[in-house]
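Hi there,

Here is the structure I promised to pass on to you. Have a look at it first, and then read my notes below.

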Amino acid sequence: MRKTIFLILLTLILNNACQFAQKKIISEEILKNELQKIRDEGSIPGISLAVIMPGDELITACVGYSDKEKQILMKPDDVMFSGSTGKTFCAATILQLQDEGKLHVDDLLSVYFGSESWFSKIPNAEKLTLRMLLNHTSGLERYEFDDSIAIKLKENPDKVWTGEERLSHIYGKPALHQPGEGWAYSDTNYIILGMLIEKLTGNEYYDEINKRFFVPYKLENTFPGNSRIITRLIPGYSAFSKEFAVPEKVLLDDGRFAFNPQMEFTGGGIACTTSDLARWGKLYYGGRVLSEQALEMLRTPSIHKTNLDDNAGYGFASFVWDENNQLSYGHTGFFPGYVTIIEYIPELDISIAMQWNTDRKNPGKSLHRYLDQIKKIII
């Protein structure tokens, strides 16, 4: 009798395991089919997708090539620059410092930098708060859009940039709007926040986020974007060679990136696998690395209308999408040769990340819209 019961239970367990495995395989194949449609539509070299399901189960799918000349297939452990999604690490550090009582987001910037020589050269410097930097309501111009940046990158691709050198590109330029009275996306805001992190902690920024996030949360495939040589970085293909003074294939034959990505700093400054990015999305937007108060802050959009696609609002390093009676949070990223998107849906506890190794996008369709069919499949 006992033997019969044991055999019945074993059979049920094996059947369930087989059904689960089959379901997972089918899900990956369906996802690949959808990614192939996206790839065909946009002539994209390669696409990597990662989904973290409830219970933290990871599903990955890749199509196309990581190197189209060498016909090397895209793999889940390929590393790409993630662009502005890296701002989430900067905002997470600022919010942890607030949780530790070392600052408050409504502090005036002058409290920390009022005596610095560069401070008075920033438009409306005395009125700026940390909150305005976090949610892009400061009115500061984008330093990286200065025409001389590309010239400097071409003349000295190994250049190591300081915070003040980046900020010098907005000296003398008028504010885009009065502090707190409008919205304009600007990497300059996060450059200043990165400088603040280094001032308050006494550590280099990447050492600080390595200690706070990479190591404790085992983000072993997430790397500082501060060197021309990045572990397992695959080639990206840029449609903006002239604008950024880079070759179309932004990874040179010797494995070096076309210029030192260190210039991006806390405006992005991260290279990672799509799996690590999806995992981090759940940690950050799901509040696993912050207090409840900090989570509420990062998820709360500015009162000012943005110019982001799909009517997204903007919190702290957080696009806020409110569609079909469902809230979700995330960010997009651009770096020469690569585009990225991450989205976390709290109601379902699902995190999705997608990366392309090209910066060529369909101007009539946002990255967020490309995830619509993916979400239907996984949900």
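**What I found**

Let me start with the lining of the largest pocket, whose residues divide into 20 nonpolar, 9 polar and 12 charged. Please keep in mind as you read that this is a predicted model.

**The largest pocket**

This pocket holds about 1200 Å³ of space. Its lining is made up of 41 residues, and those closest to the pocket centre are Arg142, Phe145, Tyr185, Phe334 and Lys361. Several elements contribute at least two residues each to this lining: helix 5 (147-155), helix 9 (241-244), strand 8 (319-323), strand 9 (326-335) and helix 12 (367-378). Strand 9 provides the largest share, with 5 residues.

**The second largest pocket**

Here the space comes to about 220 Å³. If you want to find the second largest pocket on your screen, pick out its lining: Trp321, Glu323, Asn324, Gln326, Ser328, Glu343, Ile345, Arg369, Asp372, Lys375, Lys376 and Ile379. By class, that lining has 3 nonpolar, 3 polar and 6 charged residues. At least two lining residues come from each of strand 8, strand 9, strand 10 (338-345) and helix 12. Which element gives the most to the lining of the second largest pocket? That is helix 12, with 4 residues.

Leaving aside residues up to four places away in sequence, Met354 touches Leu35, Ile38, Ile47, Ser48, Leu49, Thr274, Val339, Thr340, Ile341, Leu367, Tyr370 and Leu371.

Because 11 of its 12 residues are buried, helix 10 is largely enclosed by the rest of the structure. Helix 10 is followed by Gly287, which has a positive phi near 80°.

Is Asn260 buried or exposed? You will find Asn260 in the loop between helix 9 and strand 6 (270-272). Its relative accessibility is 6%, and buried means under 20%, so Asn260 counts as buried. Not counting residues up to four places away in sequence, Asn260 touches Pro157, Asp158, Lys159, Val160, Asn226, Ser227 and Arg228.

Asp56 sits in the loop between strand 1 (46-52) and strand 2 (58-67). Although Asp56 is a residue other than glycine, its phi is positive, near 70°. With a relative accessible area of 40%, Asp56 is partly exposed.

Asn124 belongs to the loop between helix 3 (110-113) and helix 4 (130-134). Asn124 is not a glycine either, yet it has a positive phi of about 55°. At 23% relative accessibility, Asn124 counts as partly exposed.

Enjoy exploring, and do write back with any questions.

Best wishes

Note on methods. Residues numbered from 1 in each chain as written. Predicted model: local features only at pLDDT ≥ 70, side-chain atom pairs only at ≥ 80, totals over all residues. Heavy atoms only, no water. 1 Å grid on protein atoms, 1.4 Å probe; cavity = no way out; pocket = protein on both sides within 12 Å on 5 of 7 lines; lining within 4 Å. Points joined across faces, edges and corners; volume = space filled by probe spheres on them. Nonpolar A, V, L, I, M, F, W, Y, C, P; charged D, E, K, R; others polar. Contact = heavy atoms within 4.5 Å. Buried < 20%, exposed > 50% of the residue type's maximum accessible area, 1.4 Å probe, protein only.
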